[in-house]
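Trainee: I am new to this structure. Could we go through it in short questions and answers?

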Amino acid sequence: MPSEKHKMIAGELYRPGDAELVADRVRAQGLMRAYNQTILGDTERADLLAQLFGCAEAVAVRAPVYVDYGYNIRLGRDVFLNYGCVLLDVCPITIGDKTAIGPYVQILTADHPRDGATRDAGLEFGRPITIGRNVWIGGGAIVLPGVTIGVDAIIGAGSVVTRDVPAGATVGGSPARPLVSAG
């Protein structure tokens with residue numbers, strides 16, 4: 001029988017109060033607290049990022065940053081996360097090389113059943129998010145569960161991304177829609 005953690009990562013219904021998942025969130029919260037109290041140049045930053053995300057080389061993460069678990073987040077080389085980003089990683093979040101993410105962006109894999117009885121039973125699920133290489137996500141944007149953003153796409157500040165964004169597209173608004181360039 002699969003564990004609640006296995007079900008969570010696979011995008012199946014799971015129980016978030018499971019002891020293993022609670023312990024994993026406590027671990028992530030401790031690492032976040034420690035990282036979020038550092039400043040640029042503090043020597044322990046790289047080690048804390050490595051423990052939280054499994055990587056620290058060639059990424060820039062401005063504190064504070066907020067995650068559920070950290071271990072479901074894959075950051076490519078030269079990724080930049082600005083201040084106050086929220087990455088709810090109940091399912092995998094993959095961010096491609098050279099992607100820049102503005103302040104207060106939310107990347108949310110966590111979802112909830114639409115059926116009231118299933119929600120009442122305390123079950124949740126998630127859907128993975130994939131962000132391609134060289135994407136620019138403007139400040140305050142929200143990326144919802146299950147979205148894929150293609151290579152070289154631009155997400156306008158404050159946008160709510162509810163569906164996939166093709167490679168090279170520029171989208172904005174709520175819900176985000178393609179924008180026509182004036183050029």
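Mentor: A salt bridge here is a side-chain nitrogen of Lys or Arg within 4 Å of a carboxyl oxygen of Asp or Glu. The model is predicted, so local features need pLDDT of at least 70 and side-chain atom pairs count only at pLDDT 80 or more, while totals for chains, interfaces and linings use all residues. Residues are numbered from 1 along each chain as its sequence is written, and side-chain values use heavy atoms, with hydrogens and water left out.

Trainee: How many salt bridges does the count come to?

Mentor: Some of them are linked: K5, E20 and D24 belong to a network of salt bridges. By the rule above, the count comes to six.

Trainee: Is K7 buried or exposed?

Mentor: The relative accessible area of K7 is 18%. K7 is therefore buried.

Trainee: How far apart in sequence are the parts that D78 and K98 tie together?

Mentor: The side chains of D78 and K98 meet in a salt bridge of 3.6 Å, N to O. D78 lies in the loop between β3 and β4 (79-81), and K98 in the loop between β6 (93-95) and β7 (100-101), so the pair ties together parts whose separation in sequence is 20 residues.

Trainee: R114 forms a salt bridge with D111; what is the relative accessibility of D111?

Mentor: The closest N and O atoms of R114 and D111 are 2.9 Å apart. R114 counts as exposed at 61% relative accessibility. D111 counts as buried, at 9%.

Trainee: D68 has no salt bridge; which side chain of opposite charge is nearest to it?

Mentor: D68 is found in the loop between β2 (65-67) and β3 (73-75), and it is buried. For charge, Lys and Arg count as positive and Asp and Glu as negative, with His and the chain ends not counted. The nearest side chain of opposite charge is 5.7 Å away from D68, and it belongs to R25.

Trainee: Which strands stand at the edges of the sheet that holds β2?

Mentor: Five strands form this open sheet, in the order β2-β5-β8-β13-β16, with parallel pairing; two strands pair if DSSP finds at least two bridges between them. Each edge strand has a single partner, so one side of it is left without a neighbour in the sheet; the two are β2 and β16 (160-161).

Trainee: Which residue in β13 stands opposite I107?

Mentor: Strand β8 (residues 106-108) and strand β13 (residues 142-143) run parallel and are joined by two bridges. Opposite I107 stands V143.

Trainee: Which residue in β17 stands opposite I155?

Mentor: Seven strands form an open sheet of mixed pairing, in the order β1-β4-β7-β12-β15-β17-β18. Strand β15 (residues 154-155) pairs in the parallel sense with strand β17 (residues 170-172) over two bridges. The residue opposite I155 is V171.

How values were computed. Helices (H or I, at least four residues) and strands (E, at least two) are DSSP runs, numbered from the N terminus. Buried means under 20% relative accessible area, exposed over 50%, partly exposed in between (1.4 Å probe, protein chains only).
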